[in-house]
Amino acid sequence: MLRLRDSLRALPSAALALAGLAAGLTACADADAGVPPGKAAVVASFYPMAWLAEKVGGDDAFVRTLTRPGTEPHDLELTARQVANIEDADFAVYVRGVQPAVDDAVGKHAKGRSLDAASVVRTLPPPGETDDEEAHDGLRHREASYDPHIWLDPSRMAAVATALGDRLAAADPGHAAGYRRRALAAADELTRLDRAFQDGLKTCARRDIITAHAAFGYLADRYGLRQIPVSGVDPSGGPSPKRLAELTRLVSATGATTVFTETLVSPKTAEALAREAGARTAVLDPVEGIEDGSPDDYMTIMQRNLRTLRPALECP
């Protein structure tokens, strides 16, 4: 379903030439708008979805990411150009509840040409709100009645890969076999990662993970851990002093030796908690974004997360 290219093929030759000239002028005025000929234009909301779209789309898709590299995705505000990119795309993939602006734009402009990744997996309830700041955080994500951080469970990501392959195949039938083949390969790779986590976290002495924000509920659910977050779903909503004191007592009671900080967000609150509780810190990456030019990808970051978790949880 390459809508623009299909419609151009139906034009008479003179009109096609004029359309090509107009397209060329538009491309000169807006370099972001250029999609290579023969490729499906796919818009991804933020890094995990872009990574998966590129794995499944391969050479048949041109993937544009709405969230800039190295930026925290939860509070993304879309520009007029980005909204136009969503409207013009052949397909959009996102996770409803992470970025309300994306949810609104996809609902208005790409509802029949999109995949909400959370719609194809079993979701978990949202983390409980414990103070006024976390209640404010819940209002930011009022559209989701569930925890949206599904990508931190590789088994759920494997299910999304399969669904995305099917949806892209339906949107672009001429390349259907390639989409389905690559989706199967991506799902197999994610399944192997899931097995590595299962084996690596099976017999750990500790099961509590103290996290910078409530991003790791799906990882905890999959591998039998308990997440204790410093902040709620949105990392910008920090804990109140009362909540921080409660967390200090809780960390001490669990015997946790590590408070996990994360990338893209200031570690100061988690570091303060660690000092008060007599614990150390380590980085547990929620894979919400990577720095521009980073050699890492979803797989290498998740593998590093496993290597970080094992000593912190005293896994043999």
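What is the mean pLDDT of the chain, and what percentage of its residues reach 70 or more? The mean comes out at 86, and 83% of the residues make it to 70 or more, where pLDDT is the predictor's confidence in each residue, from 0 to 100. This is a predicted model, so local features need pLDDT of at least 70 and side-chain atom pairs count only at pLDDT 80 or more, while totals for chains, interfaces and linings use all residues. Residues are numbered from 1 along each chain as its sequence is written, and side-chain values use heavy atoms, with hydrogens and water left out.

Two stretches call for some caution. Over residues 3–31 the pLDDT stays under 50, and the model has 18 contacts there beyond four places in sequence, a contact being heavy atoms within 4.5 Å. Residues 130–143 also stay under 50, with 30 contacts beyond four places in sequence.

On to strands and helices, which are DSSP runs numbered from the N terminus (helices are H or I with at least four residues, strands are E with at least two). Strand β1 (residues 40–44) is mostly covered, with five of its five residues buried; buried means under 20% relative accessible area, exposed over 50%, and partly exposed in between (1.4 Å probe, protein chains only). In a regular strand the side chains alternate between the two faces of the sheet. In β1 both faces are covered: Ala40, Val42 and Ala44 are buried on one side, and Ala41 and Val43 are buried on the other.

As for partners, two strands count as paired if DSSP finds at least two bridges between them. Getting from β1 to β2, the chain passes through α3 in a right-handed β-α-β crossover; right-handed here means that, with the strands pointing away from the viewer, the path from the first strand over the helix to the second runs clockwise. Strand β3 (residues 91–94) is another parallel partner of β1, this time over three bridges, with Val42 facing Phe91.

Five bridges tie β5 to strand β6 (residues 226–231) in parallel, and His213 has Ser231 of β6 opposite. The link from β5 to β6 goes by way of helix α9 (residues 217–223), and this β-α-β crossover is right-handed. Strand β7 (residues 258–261) also runs parallel to β5, joined by two bridges; there, Thr211 has Phe260 as its bridge partner.

Put together, four strands make an open sheet in the order β6-β5-β7-β8, with parallel pairing. The edges are β6 and β8 (280–283), each of which pairs on one side only. From one strand to the next the twist averages 30°; axes are lines fitted to C-alpha atoms, for helices over the stretch in contact, and angles run from 0 to 180 degrees between N-to-C directions. Helix α10 (residues 241–254) packs on this sheet, touching β5 and β6, and its direction makes about 150° with that of β6. Helix α11 (residues 268–277) lies across β5, β6, β7 and β8 and runs at about 175° to β7.

Then there are the charged side chains. Side chains of opposite charge can pair when their charged atoms come close. The structure holds 13 salt bridges, each defined as a side-chain nitrogen of Lys or Arg within 4 Å of a carboxyl oxygen of Asp or Glu. One of them joins Glu189 to Lys55, with the closest N and O atoms 2.9 Å apart. Glu189 belongs to helix α8 (residues 176–200) and Lys55 to helix α3 (residues 47–57), so this pair ties together parts that are 134 residues apart in sequence. Lys55 is partly exposed, at 31% relative accessibility.

Arg156 and Asp153 also meet in a salt bridge, at 2.6 Å from N to O. Arg156 is buried at 7% relative accessible area, and Asp153 is buried at 1%. Both residues take part in a network of salt bridges linking Arg122, Asp153, Arg156 and Asp221. Elsewhere, Asp296 pairs with Arg304, the closest N and O atoms being 3.1 Å apart. Here Asp296 is partly exposed at 24% relative accessible area, and Arg304 is partly exposed at 34%.
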